[in-house]
Amino acid sequence: MAAGLKSQLSHLFLLQEAQKPLVAVILLSFVLAVGFLLIILSCALWQNWLPLLVAITFVIAPLPNALFSHCGADDFSGSFEPTGPVDLGRFLTSLIVVTGFAFPIVLAHSGVINTSACVMSIVGGGLVYGTILAYSQAFKQDESDFE
């Protein structure tokens, strides 16, 4: 009886471990949908579609990091410090992220969009970018060929 209970518990534990990526994908997709909903609502409620550029900005933001992250030193160089292309990728990513946060503020300050649309656009853009970062960290694959 105890062996059967033990095997059932180990089977349940294995099922829970297998469902963790599925739960992460469902949670991240929900947060991403809320972020895009806030951005689209910030456009639709005030009939001004300029805050939609924030969504494009935050979707493009991780691309320089993804492209330049593989330009670093190899395993045999002995140097673990980031190289020039890696730093350039980080700089371009930070530039795009700051632009994504600053663009609605500039539009609201100049009177082109409403202040509420600015806040909704910034919160939605932050959710979109945070979701992309969380997804890339949660499902990062190790580059080792021997494991």
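The crossing of α4 and α5 is right-handed (the near helix is turned clockwise from the far one by less than a right angle; anticlockwise is left-handed). The structure is a predicted model, in which local features need pLDDT of at least 70 and side-chain atom pairs pLDDT 80 or more, while totals for chains, interfaces and linings use all residues. Residues are numbered from 1 along each chain as its sequence is written, and side-chain values use heavy atoms, without hydrogens or water.

The protein has five helices and zero strands (DSSP runs numbered from the N terminus: H or I of at least four residues for helices, E of at least two for strands). Along the sequence, the pattern reads α-α-α-α-α. The protein has 147 residues, of which 23% are buried (under 20% relative accessible area; exposed is over 50%, partly exposed in between; 1.4 Å probe, protein chains only). Among contacts with a separation of 6 or more, 68% join residues 24 or more positions apart (contact: heavy atoms within 4.5 Å).

Helix α4 spans residues 84-109, and helix α5 spans residues 115-138. Their axes come within 7 Å and cross at roughly 165 degrees (axes are fitted to C-alpha atoms, for helices over the stretch in contact; angles run from 0 to 180 degrees between N-to-C directions). The two helices, α4 and α5, are therefore roughly antiparallel (over 145 degrees; under 35 is roughly parallel, 65 to 115 roughly perpendicular, the rest oblique). On the α4 side, the contact is made by Thr93, Val97, Phe101, Pro104, Ile105 and Ala108. Helix α5 brings Thr115, Cys118, Ser121, Ile122, Gly126 and Tyr129. Eight of the residues in this contact of α4 with α5 are nonpolar, four are polar and none is charged (nonpolar: Ala, Val, Leu, Ile, Met, Phe, Trp, Tyr, Cys and Pro; charged: Asp, Glu, Lys and Arg; polar: the others, Gly among them).

Helix α2 (residues 52-60) also packs with α4. The angle is about 165 degrees, and the axes of α2 and α4 are 8 Å apart. Helices α2 and α4 are therefore roughly antiparallel. Their crossing is left-handed. Leu53, Val54, Thr57, Phe58 and Ile60 form the α2 side of the contact. From α4 come Ile96, Val97, Thr99, Gly100, Phe101, Phe103 and Pro104. The contact of α2 with α4 has nine nonpolar residues, three polar ones and no charged ones.

Thr93 lies in α4 and is buried, because its relative accessibility is 5%. Beyond its neighbours within four places in sequence, Thr93 contacts Ala61, Pro64, Asn65 and Tyr129. Leu92 is also part of α4. Its relative accessibility is 29%, so Leu92 counts as partly exposed. Leu92 touches Pro64 and Phe68, leaving out residues up to four places away in sequence. Leu92 and Pro64 are 28 residues apart along the chain, yet their C-alpha atoms are separated by 6.3 Å.

Trp46 sits in the loop between α1 (2-44) and α2. Its relative accessible area is 31%, so Trp46 is partly exposed. Neighbours within four places aside, Trp46 contacts Leu41, Asn114, Ser116, Ala117 and Met120. Asn114 is 68 residues from Trp46 in sequence, with a C-alpha to C-alpha distance of 7.4 Å.
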